[in-house]
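Please open the model in the viewer and display it as a cartoon.

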Amino acid sequence: MPYTTHEIKRIEKKWQKFWDENKTFKAVISNQKPKYYVLEMFPYPSGKIHMGHVRNYTIVDVISRFKMMQGFNVMHPMGYDAFGQPAENAAIKRKIDPGEWTYSCIAQMRDELKQMGFSYDWGRELATCDPQYYKWNQWIFIKMFERGLAYKKASAVNWCSSCETTLANEEVVNDACWRCKTPVIQKDLEQWYLKITDYSERLLNDLKVLDKWPARVIAMQENWIGKSYGVDIYFKEKETGARIDVFTTRADTIFGATYVVLAPEHPLVDKLIKGNKDEKHIRAFIEEIKSTSKSDRISGGLKKKGIFTGRFAINPVNKEAVPIWIADYVLMEYGTGAIMAVPTHDERDFLFAKEHNLPKRIVIQDPKRPDLKVEDMTEAYIDEGNLINSLQFNGLNNTKAIEEIGKWMEKTGIGKISVHWRLRDWLISRQRYWGTPIPIVYCDKCGIVPVPEKDLPVELPKNIKITGEGGSPLNHVKDFVNVKCPKCGKTARRETDTMATFFDSSWYFLRYCSAKNDKEVFNKEEAGYWMPVDQYIGGIEHAILHLLYSRFFTKFFKDLGLIKFDEPFTRLLTQGMVLKDGEVMSKSRGNTVDPDTIIEHYGSDSLRLFILFAAPPEDQLEWNDNAIDGSWRFLNRIWNLAENCYKKDAGTNLPKDMDTHDKELERMRNVTIKKVTEDLSDGLKFNTAISSVMILVNAIDKYKFSDDNSYKQAVLNDAITSAVLLLAPFTPHLCEELWQMMGKNDKTISFVSWPKFDENAIKQDLMQVVVQVNGKLRGKFDVACEITEEALKEIILKDSKIQEYLQGKTLRKLIYVPGKLINLVV
């Protein structure tokens with residue numbers, strides 16, 4: 001029976017039903033096998049899966065199935081990152097409840113995932129919008145609140161006017177909301193924050209143990225945490241003596257500071273500009289800058305804006321009065337919100353000073369241009385040199401001066417050696433409905449009161465009007481807002497902000513360990529067995545936010561005594577995107593390929609094989625319509641080998657006396673097992689692993705013998721059996737069917753032992769040496785692998801055909817590449 005579309009559908013439905021009914025992939029704690037927890041970043045349930053999903057989840061599924069066959073106790077769960085603005089927007093558009101929309105999308109997505117044959121333990125399925133999940137979000141928040149890690153403060157925040165919600169800095173992409181692309185403005189609001197900064201040192205130091213993470217991701221985390229060593233220098237406003245702390249990592253340039261710049265949000269700004277004749281103009285400038293996104297303000301490409309306050313600051317090292325400016329490129333989030341500007345030795349300061357005609361002074365001498373004057377400079381000098389115009393530090397190398405001047409400032413009381421971090425506390429408040437309600441009650445008598453644990457979860461009210469306007473819809477639900485104070489029993493009001501969805505995804509991997517546990521956030525014993533995740537896979541776009549927050553939550557849980565490890569993910573892979581016509585697949589570009597269409601014609605195994613074979617997992621993958629057809633044709637070859645060439649009666653017991661052809665096929669079988677095992681174990685090189693199986697199949701096709709030769713049939717059977725086993729993680733439906741067709745007794749191939757290779761069988765008795773004369777091919781010789789160079793030389797030079805090319809000529813040189821070729825230069 002050929003491997004037709006009809007047969008593919010029958011086989012795939014058959015085995016999907018078998019896995020589902022038999023709960024084949026149910027994970028249970030066992031001390032008989034080593035555990036392996038493999039996980040993909042869970043999806044937002046948009047309904048239909050796309051090719052990005054297919055690629056990500058197929059990669060993870062191959063690892064899961066490979067580890068099962070290697071004898072590991074594998075847990076491979078699936079769930080849905082189900083809260084967030086898209087569901088709210090869909091609800092507004094379709095005039096339905098966000099929950100109704102979300103659960104319908106989950107149902108559709110579940111069906112599509114099942115038709116791909118993924119090896120999920122569906123008994124651990126979860127959705128973050130389920131009250132039994134977000135109950136524990138609220139429990140975690142309360143535990144953080146009790147320990148001072150969750151707090152409320154007023155501050156300027158990123159505001160999306162379209163979504164009518166706040167955004168974390170990381171959610172602002174190219175000055176716009178990461179979801180709806182609306183330009184982001186600044187707005188003052190009271191918001192809830194998590195004190196992730198308390199964990200800065202641990203988050204940075206523990207990156208050192210993540211040696212199985214991509215170096216690129218480690219660098220991104222290090223840069224985001226951003227530990228800087230430097231000096232807080234105490235400038236003073238000339239008239240009032242108000243102290244302006246300036247943080248710098250370049251204390252060596254302090255004598256070249258010719259102006260000070262404050263962030264528009266700096267607390268001193270209001271006092272400094274009050275009464276200034278240009279106060280109205282300055283305030284208008286400040287409001288303009290506040291409406292500009294922070295990413296725009298710090299980007300290197302745009303012209304920097306600034307305005308003079310009319311005030312001066314005293315430089316503490318030389319008592320000079322320098323002008324105080326306000327500029328867009330200084331942010332309160334970094335350092336102290338104030339900088340000293342040294343135009344001659346910082347390119348940004350140089351351009352700003354040039355634009356606004358501000359003074360400059362050289363304090364580091366360019367050794368190649370010792371007579372360089374300020375007026376001749378076309379750019380800042382940022383390399384090493386000796387100090388000049390720096391009083392007692394003149395002549396000192398500037399790198400050494402950084403430390404010396406810092407110590408001198410601290411000793412004289414004009415500064416302090418300090419450490420600053422780029423990382424800021426995490427804003428989690430959102431003004432929307434479809435998220436976890438923050439479990440806080442406000443009482444006029446008792447103040448801020450957390451909801452008692454016995455009253456959790458605080459559930460979202462049902463069937464409310466959502467318009468997308470006027471802030472949080474919860475504000476307008478009286479029955480939700482108006483409550484009794486848990487402490488005093490008097491009238492109080494409930495918090496109406498909901499949590500950022502990154503809160504939900506910062507611990508879901510722990511919840512999977514005991515997903516149906518309604519008594520605790522997760523079971524300590526089960527988490528202790530399964531965690532940490534052995535292999536985690538997802539997009540590079542989550543390299544900062546999701547991974548950083550997950551690491552923070554893990555350390556918090558350790559502090560609570562719930563777990564004993566520090567990091568949630570041992571090994572990380574960031575897979576590349578799927579492209580078509582050179583661009584990322586997107587509905588807006590009209591270049592998407594529907595997985596359903598491919599599966600309908602070719603089956604999910606052909607799609608799986610193509611998507612794994614087309615490119616290494618970390619690289620981008622270019623969709624190719626012809627290549628999917630090639631994957632299907634290859635699976636047809638496997639089908640035909642098993643159906644027509646495998647003979648059940650012959651078995652797989654290899655004969656002792658094998659001829660050259662037998663040994664070569666047996667060698668290829670062992671070479672392939674070794675190569676595929678190494679490719680799946682070390683670098684997750686799925687494309688080269690599949691290529692190796694294809695080479696083995698070619699060798700099987702070439703292996704010929706008479707029909708009545710039973711021992712040669714055993715050699716062939718062994719090779720076909722190995723090919724099917726090696727393909728099982730990649731194309732599970734087909735291989736399950738072939739395994740049954742071949743008369744194997746196992747109910748499923750999923751737990752059949754992964755084939756082992758024999759190093760002795762890999763060794764070749766003979767090798768082929770190519771002979772060239774002056775670089776041209778003149779012969780091929782099959783010789784013993786252990787032959788010496790002298791013996792090989794003798795055989796070749798005595799060969800009659802080679803002698804024809806040497807006749808009448810002088811052999812000048814013999815070049816031998818061991819095991820490959822000999823080149824005779826005449």
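Helices (H or I, at least four residues) and strands (E, at least two) are DSSP runs, numbered from the N terminus. By that definition, the protein chain contains 27 helices and 34 strands. The model is predicted: local features need pLDDT of at least 70, side-chain atom pairs count only at pLDDT 80 or more, and totals for chains, interfaces and linings use all residues. Residues are numbered from 1 along each chain as its sequence is written, and side-chain values use heavy atoms, with hydrogens and water left out.

Of the 826 residues, 54% count as buried (under 20% relative accessible area, with exposed over 50% and partly exposed in between; 1.4 Å probe, protein chains only).

Next, select His 76, in the loop between strand E2 (73-75) and strand E3 (79-80). His 76 counts as buried because its relative accessibility is 1%. Its side chain makes a polar contact with the side chain of Ser 119, at 3.2 Å (a pair of N or O atoms within 3.5 Å; within protein, one must be able to donate a hydrogen and the other to accept it, and residues adjacent in sequence count only if both atoms are side-chain atoms).

Then select residues 578-580, which form strand E28. E28 belongs to an open sheet of three strands in the order E29-E28-E30, with mixed pairing (two strands pair if DSSP finds at least two bridges between them). The edge strands, E29 (583-584) and E30 (621-622), each pair on one side only. E28 and E30 run parallel and are joined by two bridges; finally, select Leu 579, whose bridge partner in E30 is Glu 622.
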